[in-house]
Amino acid sequence: MDGPDRAKTVYNWLMRDTKMSVMTVRRSSVFPAPAEEIFRRLQRLDTLQYIASPLAAFSPTGETPSDGELRWEAGKTFAFRLRLFGAIPLGDHVIRVLEFSDRPYAIFTREANPFVPIWNHRIELSELDADRTRYTDDVEIGAGWKTPLVWLWAWFFRSEEHTSELQSLVDIS
């Protein structure tokens, strides 16, 4: 089993018992680019891989379009092999897109992997003016006793230092 069927099976298994407490990381940054451009870049697999590096590495488990577009849309499910720091295998990370809107710009996903069964992620883009966009990232995390440790990792991942990596995407074609 591969691709979308595998992703759905893994997702259902991971979400079987998600009645646990959660913690939330919320970060906001202003990027020197139009919201439309940032939103377009967020839809690319290479953007996900670039943003996650070096803290995490994502490799698709199914077919990936040759143009690198993830083709996000509500109801779609994606599965990736996840490696912490690019080296430690964490199994399949499943992303189910619940909301995908280009006006207003918003993406909401329910994600899970064997170590973090709850990773609910919302990205909102607010155009401040023609050349500046507020990027807001909310990640709700539930990992049982590991939740505070995962929250700390996610806070660092979404920190200002890492946000500079995301901001550099504005200069990448």
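**View A. Glu-124 is partly exposed, at 31% relative accessibility.** Buried means under 20% relative accessible area, exposed means over 50%, and partly exposed lies in between (1.4 Å probe, protein chains only). The model is predicted: local features need pLDDT of at least 70, side-chain atom pairs count only at pLDDT 80 or more, and totals for chains, interfaces and linings use all residues. Residues are numbered from 1 along each chain as its sequence is written, and side-chain values use heavy atoms, with hydrogens and water left out. Glu-124 forms a salt bridge with Arg-122, with the closest N and O atoms 3.8 Å apart. A salt bridge here is a side-chain nitrogen of Lys or Arg within 4 Å of a carboxyl oxygen of Asp or Glu. Arg-122 is also partly exposed, at 24%.

**View B. Glu-99 pairs with Arg-122 across two strands.** The closest N and O atoms of this salt bridge are 3.2 Å apart. Glu-99 lies in β4 (residues 88–102) and Arg-122 in β6 (residues 118–129), so the pair ties together parts that are 23 residues apart in sequence. Helices (H or I, at least four residues) and strands (E, at least two) are DSSP runs, numbered from the N terminus. Glu-99 is partly exposed, at 28% relative accessibility.

**View C. Arg-132 meets Asp-129 in a salt bridge.** The N to O distance is 3.0 Å. Arg-132 is partly exposed at 39%, and Asp-129 is partly exposed at 34%. Elsewhere, shared partners join Glu-37, Arg-40 and Arg-41 into one salt-bridge network. The count of salt bridges comes to seven.

**View D. The largest pocket has a volume of about 640 Å³.** On a 1 Å grid over the protein atoms alone, a pocket is an open set of points where a 1.4 Å probe fits, with protein on both sides within 12 Å along at least five of seven lines; lining residues have an atom within 4 Å of a point. Grid points are joined across faces, edges and corners, and the volume is the space filled by probe spheres set on the points. Of the 30 lining residues, Phe-58, His-93, Glu-111, Trp-119 and Trp-153 are the closest to the centre. Elements that give two or more residues to the lining include α3 (45–52), β5 (105–112) and α4 (147–157). By class, the lining has 21 nonpolar, five polar and four charged residues. Ala, Val, Leu, Ile, Met, Phe, Trp, Tyr, Cys and Pro count as nonpolar; Asp, Glu, Lys and Arg as charged; the others, Gly among them, as polar.

**View E. Helix α3 buries Leu-45, Thr-47, Ile-51 and Ala-52.** Seen down the axis, these buried residues fall within an arc of 165°, so they line one face of the helix. The arc is taken from the directions from the helix axis to the C-beta atoms.

**View F. The largest nonpolar core has 26 residues.** Such a core is a set of buried Ala, Val, Leu, Ile, Met, Phe, Trp, Tyr and Cys residues joined through side-chain atoms within 4.5 Å. Ile-38, Leu-42, Phe-78, Phe-80, Leu-125 and Tyr-135 touch the most other members. Helix α2 gives the most to this core, with four residues.

**View G. Two loops carry cis peptide bonds to proline.** Ser-53 to Pro-54 is cis, with omega near 0°; Pro-54 is in the loop between α3 and β2. Arg-103 to Pro-104 is cis, with omega about -5°; Pro-104 is in the loop between β4 and β5.
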